[in-house]
Amino acid sequence: FTKNNTAHGHFDHGSFTFFAGGAPLSLDPCVESYWENSLAWFRSSEAHSTVQFENRQVPMESRPECFDTNEIRDYCRVVIKNPSGCGFHRRHIVLIKPVCAVVIYDEITGFCGSTVFNLPVCSVESEIRENTVLSKGHFGVNLQTVVLLPENPKITMEKGTVAKGCIPSHTQEYIRVPSECGHLTALLPYDDRPHEVIPYKNGYSIDKKVYFEIPDLKEVKFC
């Protein structure tokens, strides 16, 4: 996140990487070379964990609004402008420490149209089950991606190149979720058994241990 629009020249503002148990679960694809034809892909918003307005590249500028931490969660918030017109994307990210889960709320304001949520996944293979994607990891840690908004999501996946040496494969999977009402997504690492994410009070619970509400992700509570 930076106000400096030069940065490193990638259309990746608002993106993140996610590790659990020492294993990469969602990873920036890095760059093979700044002098190869593949550079356009490695710089693109589609290759990063971003939200795009009508499939346009994310602008190279964002405005951090908040960072806060306590013993239960870390929370940050950043604002990114629609690169081609009206509207803003406000990304809320919270790390819920007791269950090692990341929840991302992508709030879209002042814009009527479609946005796309992109998520690179460091996986051997993945399976889509309604609003959930179960991804087998390379290092014994798996990833469960739960799409809570939009309802009845139209999840698709595709393969994309990742720079050599990042993971044992030269490609990783990319989750795409279109929406016209913003995005709410939970990322949960697991070994053998996926987690239970269900409606609870005015929000959602994870394994009946902790719960969070939207839009105020700063208030993570115990069930």
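Student: Is Lys97 buried, partly exposed or exposed?
Tutor: Lys97 is partly exposed, at 34% relative accessibility. Buried means under 20% relative accessible area, exposed means over 50%, and partly exposed lies in between, with a 1.4 Å probe and protein chains only.

Student: Where do these values come from?
Tutor: This is a predicted model, in which local features need pLDDT of at least 70 and side-chain atom pairs count only at pLDDT 80 or more, while totals for chains, interfaces and linings use all residues. Residues are numbered from 1 along each chain as its sequence is written, and side-chain values use heavy atoms, with hydrogens and water left out.

Student: OK, back to Lys97. What does Lys97 form a salt bridge with?
Tutor: Its partner is Asp74, and the closest N and O atoms are 3.2 Å apart. Lys97 sits in the loop between strand 6 and strand 7 (101-109), Asp74 sits in strand 5 (residues 73-81), and the pair links distant parts of the chain, 23 residues apart. A salt bridge here is a side-chain nitrogen of Lys or Arg within 4 Å of a carboxyl oxygen of Asp or Glu. Strands (E, at least two residues) and helices (H or I, at least four) are DSSP runs, numbered from the N terminus.

Student: And is Asp74 buried or partly exposed?
Tutor: Asp74 is partly exposed, with a relative accessible area of 22%.

Student: How many salt bridges does the count come to?
Tutor: The count comes to eight salt bridges.

Student: Which residue does Glu65 form a salt bridge with?
Tutor: Glu65 forms one with Arg90, with the closest N and O atoms 2.9 Å apart. Glu65 itself is partly exposed, at 29% relative accessibility.

Student: Which residues are linked in a network of salt bridges?
Tutor: Arg63, Glu65, Arg77 and Arg90 are.

Student: New topic. What do the side chains of Glu158 and Arg176 meet in?
Tutor: They meet in a salt bridge, 3.1 Å from N to O. Glu158 belongs to strand 12 (residues 156-161) and Arg176 to strand 13 (residues 171-179), so the pair ties together parts that are 18 residues apart in sequence.

Student: Is Arg176 buried or exposed?
Tutor: Arg176 counts as buried, at 9% relative accessibility. Glu158 counts as partly exposed, at 38%.

Student: What else does the side chain of Arg176 make a polar contact with?
Tutor: With the side chain of Asn118, at 3.0 Å. A polar contact is a pair of N or O atoms within 3.5 Å; within protein, one must be able to donate a hydrogen and the other to accept it, and residues adjacent in sequence count only if both atoms are side-chain atoms.

Student: Which residues does Arg176 touch, not counting residues up to four places away in sequence?
Tutor: Among them are Trp41, Glu46, Phe117 and Lys154. Contact means heavy atoms within 4.5 Å.

Student: What about rings? How many aromatic pairs does the count come to?
Tutor: The count is four aromatic pairs. One is Trp41 with Tyr174: the ring centres are 5.3 Å apart and the planes are at 80 degrees, so the pair is edge-to-face. Trp41 is in helix 1 (residues 39-43) and Tyr174 in strand 13, so the pair ties together parts that are 133 residues apart in sequence. Rings of Phe, Tyr and Trp (its six-membered ring) pair if their centres lie within 6.5 Å; planes under 30 degrees apart count as stacked, over 60 as edge-to-face and the rest as tilted.

Student: Over how many bridges do strand 5 and strand 6 pair?
Tutor: They pair over nine bridges, in the antiparallel sense. Val79 stands opposite Arg90 in strand 6.

Notes: Pairing = 2+ DSSP bridges.
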